[in-house]
Amino acid sequence: MVPWDTAARPGIITRAASEGRSSQPLLDDSDLQRGRSETSYEGTGEVEARARRRHEMRSRSPSGAAIGLATRQKYIIAAVSLVLSLVSFVVQTETAVYIQSELGWKKPYLMLYFTHGSWTMLWPFQLLILKARKPHIPWPAFFKSHLHHLRTTARMIMVGSPHLSASQSKLDPVPFMVRRILSITCALTIAGSTWYVAVNMTTPSDLTAIYNCSAFFAYVFSIFMLKERMRVDKIFSVVVACVGVLIVAYGDAGTVEKGKEMEAANRTLGNLIIGVGSVMYGFYEVLYKKAACPPDGVSSSRTIIFANTVGSGLGVTTLLVLWIPIPIFHILGWETFELPHGEAAWLMAISVFSNAVFSGSFLVLISLTSPVLSSVAALLTIFLVATADWLFRDKSLSAAAILGGLVISGAFFLLAWSTWREMHEEEERTGRKKDDDDEAVYSESEFEEGDV
């Protein structure tokens with residue numbers, strides 16, 4: 001048997017040879033001193049070393065700059081949506097009033113059916129825009145990816161979180177969203193129908209003042225349904241906005257509508273009906289925010305895409321369900337069915353298109369901000385419509401309209417500032433929580449270094 005020759009095996013040393021080296025330090029005194037002078041863990045050197053590691057780890061974190069960029073993008077999109085909603089609403093109102101008052105086509109329910117049904121075009125129009133941005137992707141692959149995107153967003157709404165587990169990613173969101181869209185459509189239809197029912201039962205001043213107090217009810221429902229905190233500045237802003245509406249509605253009531261008040265024989269009943277509409281419109285805004293908006297943490301682009309998709313769902317529901325009263329009203333003689341012709345037809349097309357733009361941008365505004373801010377922003381249209389009447393229809397702009405418009409504008413900007421401050425405070429709380437989590441990571445890493 002050949003004896004084991006350790007000397008013939010490279011890389012293997014005997015215990016005796018290793019013992020001679022084990023007592024020798026790997027670094028001499030000069031190396032140790034040089035290392036300690038660079039990253040000392042005593043006194044000031046320890047603080048500097050920890051701060052340097054903290055900066056390195058935080059620079060790799062996606063929070064800071066990425067969150068700030070997403071927030072700025074959110075504000076810009078919300079501002080653009082606000083401008084679009086205001087302009088489109090003024091166009092829709094002016095054309096609708098001209099069609100009914102000047103051209104004599106007075107079919108309020110049919111107009112409601114056309115305008116709300118026009119929301120159906122939001123999703124197809126959005127789909128074409130998204131496809132135009134990705135012309136290199138074939139339609140089948142693009143459409144499949146788009147549907148997957150929508151279903152994923154709906155699942156996020158189901159679970160109330162932007163992060164889905166493996167089991168949650170397999171949920172079927174279609175029945176869930178159909179039920180919610182039906183409930184939102186019911187609230188919207190009731191709110192819109194009350195205006196048309198009460199328009200001939202009460203005075204225009206009462207109609208304007210009561211219906212536009214929906215901002216107050218939107219805030220009340222937000223407290224109970226969205227668990228929004230009660231803030232003095234928000235309450236003050238909403239109250240001031242309602243005061244502005246009252247100034248516009250009743251500032252000239254004694255001179256302009258003295259005769260019309262005598263015609264409102266069923267004024268009390270009309271006020272009760274429009275009061276229900278005001279409550280229901282505030283409820284509709286908050287219900288949409290709670291039932292059909294993606295949770296916090298979802299990107300602005302995903303929120304916009306889903307908002308327009310939900311808007312199309314509301315339009316489809318309107319077209320499929322709300323046609324039923326049309327023949328009934330025709331048979332009973334309440335509103336005979338008659339399509340617009342000539343000038344009324346193309347003005348009706350403009351009005352319908354404007355309403356679709358308003359609805360899409362308004363839903364996006366609610367999704368990105370809050371129902372209260374969106375509702376108060378909608379009150380700005382009172383002053384804008386009065387200004388448009390003055391510019392294009394030679395109607396005098398009364399002192400009450402100017403004063404009320406300024407009050408509403410001031411309330412809106414105060415509420416916008418309050419909302420921005422609240423969102424900024426929320427971001428700071430999120431940032432502090434992120435820093436606390438990072439501190440835990442730093443502590444764990446230092447502990448591991450100490451063990452080494």
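**Briefing: a buried arginine and its helical surroundings**

Leaving aside residues up to four places away in sequence, R302 touches H149, T152, T153 and M156. This is a predicted model, and in it the protein has 19 helices and 0 strands. R302 itself is found in helix α15, which covers residues 300-321, while T152, T153 and M156 are among the buried residues of helix α7.

**The protein as a whole**

- Of the 452 residues in the protein, 40% count as buried.
- When contacts between residues at least 6 apart in sequence are considered, 79% of them join residues that are at least 24 apart.
- The accessible surface of the protein comes to about 25600 Å², and carbon and sulfur atoms account for 65% of this surface.

**Helix α7**

- At 1.5 Å a residue, the 21 residues of α7 should span 30 Å, and this agrees with the distance between its end C-alpha atoms, which are 30 Å apart.
- The buried residues of this helix are F142, H146, L150, T152, T153, A154, R155, M156 and I157, and what covers them includes α6 (122-132), α8, α14 (267-292) and α15.
- After α7 comes G160, a residue whose phi is positive, near 75°.

- In general, side chains of opposite charge can pair when their charged atoms come close.

**Salt bridges**

- A search of the whole structure finds 4 salt bridges, and one of them joins the side chains of D172 and R151, with N and O 3.3 Å apart.
- This pair links distant parts of the chain, since D172 lies in the loop between α7 (139-159) and α8 (174-198), whereas R151 lies in helix α7, 21 residues apart.
- D172 counts as partly exposed because its relative accessibility is 43%, and R151 also counts as partly exposed, at 32%.
- K234 forms a salt bridge with E228, in which the closest N and O atoms are 2.6 Å apart, and both K234 and E228 are buried.
- D233 forms a salt bridge with R231, where the closest N and O atoms are 3.5 Å apart.
- Are D233 and R231 buried or exposed? D233 counts as buried because its relative accessibility is 15%, and R231 is buried with a relative accessible area of 11%.

- V316, L320, V321, W323, I324, I328, L332 and W334 make a nonpolar surface patch of about 830 Å².
- The elements that give two or more residues to this patch are α15 and α16 (325-332), and α15 gives the most, with 3 residues.
- L332 is placed in helix α16, and L332 counts as partly exposed because its relative accessibility is 49%.

Key. Residues are numbered from 1 along each chain as its sequence is written. This is a predicted model: local features need pLDDT of at least 70, side-chain atom pairs count only at pLDDT 80 or more; totals for chains, interfaces and linings use all residues. Side-chain values use heavy atoms; hydrogens and water are left out. Helices (H or I, at least four residues) and strands (E, at least two) are DSSP runs, numbered from the N terminus. Contact means heavy atoms within 4.5 Å. Buried means under 20% relative accessible area, exposed over 50%, partly exposed in between (1.4 Å probe, protein chains only). Accessible areas come from the Shrake-Rupley method with a 1.4 Å probe; for residues, only the protein chains shown count as cover. Patches are made of residues with over 30% relative accessible area and no salt bridge: like charges are joined within 9 Å, nonpolar side chains (Val, Leu, Ile, Met, Phe, Trp, Tyr) within 5 Å. The expected span of a helix is 1.5 Å times one less than its number of residues.
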